[in-house]
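Please look over the chain shown here before reading on.

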Amino acid sequence: MDAEVFLQEEDTEGSWTLLSWLASSLMVFGGALPYLPQYQEIQKTSNTDGFSTRVCLVLLVANILRIFFWIGKQFELTLLLQSVVMILTMFAMLHLCCTVQNTNRVSTKQHRLLDLDLRYFWKWSVFEDYLLFCFGFTVLCAVVTLLLLDSAVFVEMLGSLAVMFEAMLGLPQLLQNLHNRSTKGMSVKMVLLWTAGDVFKTTYFVMNESPPQFWVCGSVQILIDVAILLQVLFYSQDTWVKLG
């Protein structure tokens, strides 16, 4: 009898371990999945007008800050790996957008980071400029973190900034849709996956007792996701066509 109980406990423990591993894997790679349909949409239409590349800016800044937050306050390794995957995904999106825009550009004039023209901030013509900006931002964060790493207030502020930026993930897309008065070119599947992912990760944060900054961020993201889905309903005469 004792042997049976022991085997049942082992099976239960093994099941929970497998579920925990699957949840962690989904956390690491799940955040990147929503951008696959948007990537395919841009490739298909050769048009980037419906997608706000400032979404990439927000996520790059948020995840770079989160990596330095992890250095100051080690939380789940899963969230650190998630940041690395997300940064790579955003670079892939920016590379595609630059390629498409350069192919469609009529004017030969290019806008570069070193022109220091704020009117064209994050509207540069060359992918390497985005890499250069992120490298400079990373070096700046590294220097400041090295100097203030012993300050608990600084570390917590770093975490708050990271999740505040991440909470604003959907805001550039929301504003882009308002500016265009349309959601054409934006993948509705991307937003639906955003919503599903934000609900999942907010639940994950609460259950794993992650720092409160994380679940607050997730809650704000869900509200913005819902607002974008309402825009789809408002601007589109045939929402189901966009879902197809």
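What follows is a set of questions and answers on this predicted model.

Q: Which end-to-end C-alpha distance belongs to residues 213–235?
A: The unreviewed UniProt entry lists residues 213–235 as one of its transmembrane regions. In the model this span is 100% helix and 0% strand, and its end C-alpha atoms lie apart by 33 Å.

Q: Is Val143 buried, partly exposed or exposed?
A: Val143 is found in helix H5, which covers residues 127–148, and it belongs to a nonpolar surface patch that also includes Leu140 and Leu147, with about 860 Å² of accessible area for the patch together. Buried means under 20% relative accessible area and exposed over 50%. Because the relative accessibility of Val143 is 43%, the residue counts as partly exposed.

Q: Which helices do the buried residues of H7 pack against?
A: Helix H7 spans residues 171–180, and its buried residues are Pro172, Gln173, Leu174 and Asn177. Just after H7, Arg181 takes a positive phi of about 50 degrees. The packing partners of the buried residues of H7 are helix H3 (54–72), helix H8 (188–207) and helix H9 (212–235).

Q: What is the geometry of the ring pair Trp122 and Tyr130?
A: With ring centres required to lie within 6.5 Å, the count comes to 11 aromatic pairs. The rings of Trp122 and Tyr130 have centres 4.8 Å apart and planes at 85 degrees, so the pair is edge-to-face.

Notes: Residues are numbered from 1 along each chain as its sequence is written. This is a predicted model: local features need pLDDT of at least 70, side-chain atom pairs count only at pLDDT 80 or more; totals for chains, interfaces and linings use all residues. Side-chain values use heavy atoms; hydrogens and water are left out. UniProt positions are given in the numbering used here, feature names are shortened, and annotations may be inferred rather than shown by experiment. Helices (H or I, at least four residues) and strands (E, at least two) are DSSP runs, numbered from the N terminus. Patches are made of residues with over 30% relative accessible area and no salt bridge: like charges are joined within 9 Å, nonpolar side chains (Val, Leu, Ile, Met, Phe, Trp, Tyr) within 5 Å. Accessible areas come from the Shrake-Rupley method with a 1.4 Å probe; for residues, only the protein chains shown count as cover. A salt bridge is a side-chain nitrogen of Lys or Arg within 4 Å of a carboxyl oxygen of Asp or Glu. Buried means under 20% relative accessible area, exposed over 50%, partly exposed in between (1.4 Å probe, protein chains only). Contact means heavy atoms within 4.5 Å. Rings of Phe, Tyr and Trp (its six-membered ring) pair if their centres lie within 6.5 Å; planes under 30 degrees apart count as stacked, over 60 as edge-to-face and the rest as tilted.
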